[in-house]
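Open the model in your viewer and keep the selection tool ready. The stops below are taken in order.

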Amino acid sequence: MISLVVLLLACYLLGAFPSGVVVSKFFKGADLSKVGSCSVGATNAYRALGPKAALIVLVLDVLKGFIAVNLAYFVFVPAFLISILRVIFGLLAVVGHNWSIFLKFKGGKGVATTCGVFLALTPKAVGVAVLLWLGIALLTRWASAASLSVAFAFPFIAYAYGASKLDIFFAVIMALMVVFQHRENIERLLHGQEERLNIKFF
């Protein structure tokens with residue numbers, strides 16, 4: 001079995017992988033860490049590079065969280081500890097995404113990577129959350145409003161779908177992290193200055 005310390009570091013580095021920056025270079029576009037909101041997530045990629053690039057960034061960021069959670073199965077520990085490790089591994093991936101060592105400890109908002117984490121932990125709840133996000137985003141055209149709304153709602157959605165107490169508690173922690181990462185967006189929303197999404201398809 002792989003060393004626990006090695007896997008903990010791997011989860012952080014996996015989350016820290018700057019998907020948005022790599023994709024922007026592939027599309028020969030502007031460096032996402034230096035344009036728009038300076039976030040390396042899918043929303044900034046959508047605005048700066050278009051829907052195709054944004055979709056790639058989204059999938060890669062979701063995979064980071066999903067893979068990190070499942071790396072817990074490579075650790076030799078008693079079965080009852082696996083659920084705790086999965087949460088810790090997922091948290092490290094999100095921390096890596098938000099504060100990437102490759103981007104001078106800056107990064108994204110963590111929404112997609114958090115989605116990947118809970119896709120591994122509570123997939124049915126994530127399906128509902130995604131539909132809710134899409135509905136709010138299409139209605140308001142504010143990605144930040146959709147993300148914040150889902151962050152608040154997700155612990156209740158997870159509870160409704162029978163998630164464990166640990167996963168629900170983790171959902172609360174992650175919701176607080178999403179709010180923290182969106183603090184500038186919240187200020188802009190309150191002042192009516194938040195940029196809306198220009199919805200377009202492929």
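Predicted model: local features only at pLDDT ≥ 70, side-chain atom pairs only at ≥ 80, totals over all residues.

Residues are numbered from 1 along each chain as its sequence is written, and side-chain values use heavy atoms, without hydrogens and water.

Select residues 4-16, helix H1, and residues 79-98, helix H5. (Helices are DSSP runs of H or I, at least four residues, numbered from the N terminus.) Their axes lie 6 Å apart at an angle of about 40°. Axes are lines fitted to C-alpha atoms over the stretch in contact, and angles run from 0 to 180 degrees between N-to-C directions. On the H1 side, the contact (heavy atoms within 4.5 Å) includes Leu4, Leu7 and Tyr12; on the H5 side, it includes Leu85, Ile88 and Phe89.

Next, select helix H9, residues 165-181, with H10. Their axes come within 4 Å and cross at roughly 65°. Zoom in on Val179, Phe180 and Gln181 of H9, which meet Arg183, Asn185 and Ile186 of H10.

Keep H10 (residues 183-190) selected: with four residues, this helix gives the most to the lining of the second largest pocket. A pocket is an open set of points on a 1 Å grid over the protein atoms alone, where a 1.4 Å probe fits, with protein on both sides within 12 Å along at least five of seven lines; lining residues have an atom within 4 Å of a point. The pocket's volume, the space filled by probe spheres set on the points, is about 460 Å³. Of its 19 lining residues, Ser37, Cys38, Ser39, Lys106 and Gly107 are the closest to the centre.

Conventions:
Helix = DSSP H or I, 4+ residues; strand = E, 2+ residues; numbered from the N terminus.
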